[in-house]
Structures are given as structure tokens and as C-alpha cells.
Amino acid sequence: MRPAWLAAGVLAVLVAVLAGLAFGSASLPPGGVAVEMLNLIPGVRLDSGLSEREIAILTQLRLPRVVLGLLVGAMLALAGAAYQGAFRNPLADPHLLGVAAGAGLGVTAVIVLSATSTTELPVTVPMAAFAGAVLAVALTWLLGGAGSRDRSPTALILAGVAVSAFLSAAQTFLLQRHVESLQEVYSWLLGRLSTAGWHDVQMILPYVLVTAAIVLTQRRELDVLTVGDAEAASLGLHPQRSRYLLIIAASLGTAAAVSVSGIIGFVGIIVPHTIRLLTGPSYRSLLPLSILFGAAFLTLTDLLARTVAGDAEIPIGVVTAFLGAPFFVLVMRTSKVMPT
């Protein structure tokens, strides 16, 4: 990976963090925000010029939300890139494969059956989401290969749409049977990053670290898989073992992200494909850059969602859908010539 692209990714994250912290319903001076962030380093004491109220807004409200946006964006983008490599399908994405719907069904089941509030979900929620995500990806894989051993991109996407619709129907049935949770679960499903404190960040951080570590160690294997299973096996790789490991890791990361943010679509399509167009198809560059630019992308999208309509915050899943739908059409038109 070229150092210039790594530097660009780090710069994008820093810009997104500063913008996410400084702007909102009450704007703060970016210079003061940057100085106040330096004060979080042990032993550093600088005068930021911010009032006590502004410091409270910065450190207790916006900072946890921005960090959560970084983690969720990084996971969704990394999972999208990993699925595209594992399935050798440029259209693979947690949302389109039904994985997000499966994770959403798992979280919904926990919320309605245990009468839990979405403001502070129990630590068992990510595992329930993971179970739903694995079920969804297994159904999509099996359905996509029904009647033929070759799973074409179109067959997998159609299977993902069918599985997503089925799991969404099951979710609707659960909500219909527990109408007292309908409004709360519905607002969560549309995608949100609102958080009170660091609970959500602490809950998903272990899953994020495990997922990133596993997927990043498979960068070379993903590059080898692009030449085909037979050629990969001749080079000493075990294609199915690597593929299953990547799918499980990507599903774990997706489940962790969905459990705290709801269903946010298209991040796994927009970010990896944009990086691929700019830097080339090698997963040794694509995966780490997807983490950095995915984190920056969702943080800036969240800023757009909470500022574009004044005091009325738009669900972030709605914003990513507006951005992702035309991008998806572009990817479909170019997928025949775009290497994965």
C-alpha cells in the first residue's frame, strides 16, 4: 500500500472527527475542539477557550457518538470488502446479502422478548445479532446455489433479497405480536448513532478488534482467491477454509455494528468500490483503507443526518440509502469489467 493513501485515510478520519465534534445543533470553534481533545492526553493541560457547558457537550455527548460512528463505519466497510472477496462478487454487501436483516431480527427478538430499551442494550445483543447474521448468510449461500453449483453475482443478490425479505417478514411478525415495542424498534431499525455515554462503544469494541484482526490477516488469501479456487489450491491455499473464516468474521463485525446502530445500508458497497477504483483491486490495500475511509464516511454521514434538516434529525440509514442507491446502479453497470 502506498504511504500516500495511508496518509490520506488517516487525514480523512481526523477531518471527520473534528467536523463531527465541532458542528451540530450548537457549533463549537474547531480550534478549541482540537485543543480540548489534546487535553484528554494524560499530563496535557491547555486552555481551549471553551466554556464548561461546551466541554460537557463535546466530551459527554458528541465524542461517544463520533467514536461509535467510526467503529460502525469501519466494520460495515470492512465487512463489505471481505464479503466481496470471499464470494468473488462485486455486489456483495451486508445489506444486500440479508446479513443486516438477520442481525436485525436477532436484536429485535431480544428487545421484544425481554422488554429491553434500545437506549442501553444488554451485552447479549451482539451475540443474538451474530446468530441471525450467520443464519442469513447461510440461507443466502444455499439459496444462491440451488439448481446449480455456480453461484453467479445475480443469483446471490436475488437470493439475498429473498432472504432479507423473509427475515424482515419474521421481524414484522414479532413486532406485530409486541406492539408496545413497535415505535422504539422501528426508530432503531432506520439506523441511528445516538448514544448516551460510552456503553455502546464498550459493548462492540471487542467484536470490532477481533473482526479487524481476523480479516486483515487474510489479505493475501483474498488476493489469491481472485484467481479461482483451483489456482488458489495449487498455490497452497485452502480456499473453503479461508472463505468460511472470512464470512464468519465479517458476519461478526456486521452483527456488532447492527446491534448498536440499526440497519445502515450501502456502506459496504460505496466505500470498498470507491477505494478499488482509486487504488486498484489488491486487498492488501483495500482492507486497511476500507477501515479508515469507512470510519470517516459514516462519521460525516451522521453529521449530515443531524444537521441538514435543522433540529429534526434524519435517520442515518435514510441518508446512506439516498447516497447508496444510485451508486449501486453504477456498480451494477460496471461489475462485469471491475475486478474483485
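α1 and α13 come out roughly parallel to each other, because angles under 35 degrees count as roughly parallel and theirs is about 25°. I note at the start that I am working on a predicted model.

**Entry 1: α1 against α13**

I looked up the two helices. Helix α1 covers residues 3-22 and helix α13 covers residues 283-307. Their axes lie 9 Å apart. I then checked the handedness: α1 passes α13 in a left-handed crossing.

Next I listed who touches whom. From α1 I have Trp5, Leu6, Ala8, Gly9, Val10, Ala12, Val13, Ala16, Ala19 and Gly20. They meet Leu289, Leu292, Phe293, Ala296, Thr299, Leu300, Leu303 and Arg306 of α13. I sorted this contact by class and got 14 nonpolar, three polar and one charged residues.

**Entry 2: α12 against α13**

I moved on to helix α12, residues 267-279. α12 packs on α13 at an angle of about 130°, and the axes are 9 Å apart. That angle makes α12 oblique to α13. The crossing of α12 past α13 is right-handed.

On the α12 side I wrote down Val267, Ile270, Val271, Pro272, Ile275, Arg276 and Thr279. On the α13 side I wrote down Tyr283, Leu286, Leu289, Ser290, Phe293, Gly294, Phe297 and Leu298. My class tally for the contact of α12 with α13 is eleven nonpolar, three polar and one charged.

I went back to the α1 list. Leu289 and Phe293 of α13 are among the residues that meet α1, and Leu289 and Phe293 are also named in the contact with α12.

**Entry 3: α13 against α14**

I then took helix α14, residues 316-334. I read an angle of about 110° between α13 and α14, with axes 9 Å apart. The two helices are therefore roughly perpendicular to each other. α13 passes α14 in a right-handed crossing.

The α13 residues here are Phe297, Leu298, Thr301, Asp302, Leu304 and Ala305. Their partners in α14 are Ile316, Val319, Thr320 and Leu323. I count by class seven nonpolar, two polar and one charged for this contact.

**Entry 4: the cavity**

The largest cavity has a volume of about 40 Å³.

I listed its lining: Leu76, Asp93, Pro94, His95, Ala100, Val258, Ile264, Gly265, Phe266, Val267 and Gly268. That lining divides into seven nonpolar, three polar and one charged.

Last, I looked at the second largest pocket. I noted about 280 Å³ of space in this pocket. Of its 13 lining residues, Ser25, Leu61, Arg62, Arg65 and Arg306 are the closest to the centre. Arg306 was already on my list for α13 against α1.

Which helix gives the largest share of the pocket lining? I found helix α3, residues 52-87, with four residues. By class, I have three nonpolar, five polar and five charged residues in the lining of the second largest pocket.

Technical notes:
Residues are numbered from 1 along each chain as its sequence is written. This is a predicted model: local features need pLDDT of at least 70, side-chain atom pairs count only at pLDDT 80 or more; totals for chains, interfaces and linings use all residues. Side-chain values use heavy atoms; hydrogens and water are left out. On a 1 Å grid over the protein atoms alone, a cavity is a set of points where a 1.4 Å probe fits but cannot get out, and a pocket is an open set with protein on both sides within 12 Å along at least five of seven lines; lining residues have an atom within 4 Å of a point. Grid points are joined across faces, edges and corners, and a volume is the space filled by probe spheres set on the points. Ala, Val, Leu, Ile, Met, Phe, Trp, Tyr, Cys and Pro count as nonpolar, Asp, Glu, Lys and Arg as charged, and the others, Gly among them, as polar. Axes are lines fitted to C-alpha atoms, for helices over the stretch in contact, and angles run from 0 to 180 degrees between N-to-C directions. Angles under 35 degrees count as roughly parallel, over 145 as roughly antiparallel, 65 to 115 as roughly perpendicular and the rest as oblique. A crossing is left-handed if the near helix is turned anticlockwise from the far one by less than a right angle, and right-handed if clockwise. Contact means heavy atoms within 4.5 Å.
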